[in-house]
Amino acid sequence: MEFGQGAYVNSSYAISRTVSTASIPGEYRVREEEPGDVKKVQTLQNGDPIKIGIWSSTPSLDQNGNKYLSNDLAITDNHKLPKRDNWSNDIEFLMSCIALSVGLGNVWRFPFTALDNGGGAFVIPYLIVLFLVGKPVYYMEMLLGQFSSRGCVKVYDFSPIMRGVGYGQVLATGIVTTYYATLMALTLRYFIDSFYPLLPWSYCRKEWGELCIDSDLSDKQQSSSSVDVKTTSAEFYFINIILREKSNIDDGIGYPNWTLALTLAISWLIIALILIKGVRSSGKASYFLAVFPYCIMLVLLARSLTLPGAFDGVLYFLRPQWNKLLDPKVWYAAVTQVFFSLAICFGNIIIDCTIITTLDTFTSLLSGIIIFGILGNLAHESKTSDIKSVVKGGPGLAFISYPDAIAKFTFLPQIFSVLFFLMLFVLGIGSNVGMASCVMTVIKDRFIHTKHWIIVVCIAVTCYCLGLLYITPGGQFILNLLDFHGASFVALVLAIFELLAVGWIYGVKRLCQDIHFMLGIQTSWYYRLCWGLITPALMAAILIYTLIQYEPLQYNGYTYQSGLYIFAWCISAFGIGQLLFWAIYAILKSPGDCCWDRVKSAFKPKCDWGPLDSNNLQIYKYHINELKIDAMFRRNGFWYRIYDNIFG
């Protein structure tokens, strides 16, 4: 990766294998052994600060072709350097980023979030939030992980009092993991059903009544002059056959569906085997994993746009509704969707920023156009202009609209159905392995003597038992409740504290100094302003506005019982409460003669904060001490410190 003329990339900071770097939908890299066994400290001809380099086969040149000047300071290491994670070429790197950009957050979550928030009313806030929140936070998490080679909890060694942010994010990740695996169970059920001679969701049953409309648009479908909005057979099949969904859960959620319980067990078995064996994905696999999903989605796009009325649905999706920009719910949904799409603020990120965020947005918009094109066709068939009324929203939307589009293929729809749900299952595997790896890393750090396979089995069994809740007749009600209170709301609050911890406790200036030490580049004003001011202010404003305008959560018009609301808020409080619990723990463990000294010490980086390699750590400490000496001769004062933190 090039950073400009004369830039120097410190190769000691190649992505570490000791930290969980799995990200949605997985990691696709090859392992290369860098030549040489001597590490040295060099000074570049262009006068850049001292940095750590690794000698290549041409010792007089760094990895960017710059000549070294001799330096007396050298640190020798007689041991062979460990293998580094890297891509073998630029195209493979690009394919890996494309593969990582396609996940369940894009294909499954984005369409129903857009539908629930007004279509075009959601897209504009989503793009704004992506630019002001998604890209800066993604870049920040990527840099912190790559610089320190620490997981999502230990990375807060830069300010131990904020370690509760990492633990809270792990709890949110664990909740998401339980219901993401349930999506895999649904996908596997549809995959099996795709082998029937006639797709079982393509036609109406008699018990579904006259308001059912065949998804395959076959000749046996009769036209009707009824003004009632019709429902596709794909939706009836998902609700009545797959989920057996109840109209309410006042009398309980019911018992799990045995077929989904079986497919859920298969899903967790596959996840557990991957976690036990370890993710050793070759970068060559990324060529298939990057191209295959887009091929399937582009075919779906072509089919959906050729349906009558499709463009009305697409216009509903893309047409801005400026009056909705003042609705806090839309902004809240935009922030949480960015979290899920990019997997930020959940503690499992290390990958290139600009490419991945751009492709992530493209994938989300592509999925949205496909879904809303199908909804436009359904509105046309139902003779209504109200796009939102033609289908139930919520997490099940993707399992209604995608099968509905597949059923409309005239030539062997079974083949395309098999390929599509296989694609969705692969995406689900990557998503769950990435999140489960994040949880597993934290557990291993706390129980270092426990065998790896025991931790994996415990995670799989626990998550499977919890996942049974979602495949009951009332499971979607529970999923909707936990998605808000256990995942998205907790992630939003903790993200604000994460930005405050990095931007103002550790400091934007210190982070930018680390970036220059690691990569030899200067951080732009865009990232500095976002980290220090714009992003935390925007997210805090959205959170406050959302709480002021808060209304009890509903699912398809159903209001939960008061006991469930209390339970849900207890989950939120437990996740956010990790801040207080681990802050107290950090203060008690910090050195100091009195309580105030311990509090101040808990805000400062630990003595071993920095690069994982001991030699690099010593040079980093020397580098930081010199910067502190320089800072002693600069101006002081409150407003100057604020200015210096952002632009210094």
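Helices (H or I, at least four residues) and strands (E, at least two) are DSSP runs, numbered from the N terminus. Show the whole chain as a cartoon to begin: this predicted model has 20 helices and 10 strands. Residues are numbered from 1 along each chain as its sequence is written. Local features need pLDDT of at least 70 and side-chain atom pairs count only at pLDDT 80 or more, while totals for chains, interfaces and linings use all residues.

Next, colour by burial. Of the 648 residues in the chain, 58% are buried (under 20% relative accessible area, with a 1.4 Å probe and protein chains only).

Now select Val102, Asn106, Ser341, Leu427 and Ser431, which an unreviewed UniProt entry annotates as "binding site"; such annotations may be inferred rather than shown by experiment. Zoom in on Asn106, in helix α2 (residues 104–116). Asn106 counts as buried because its relative accessibility is 1%.

For the next stop, select Tyr506, Lys509, Arg510, Gln513 and Lys628: of the 39 residues lining the largest pocket, these lie nearest its centre. A pocket here is an open set of points on a 1 Å grid over the protein atoms alone, where a 1.4 Å probe fits, with protein on both sides within 12 Å along at least five of seven lines; lining residues have an atom within 4 Å of a point. Helices α14 (475–519), α18 (595–603), α19 (614–631) and α20 (638–647) each give two or more residues to this lining.

Technical notes
Heavy atoms only, no water. Buried < 20%, exposed > 50% of the residue type's maximum accessible area, 1.4 Å probe, protein only.
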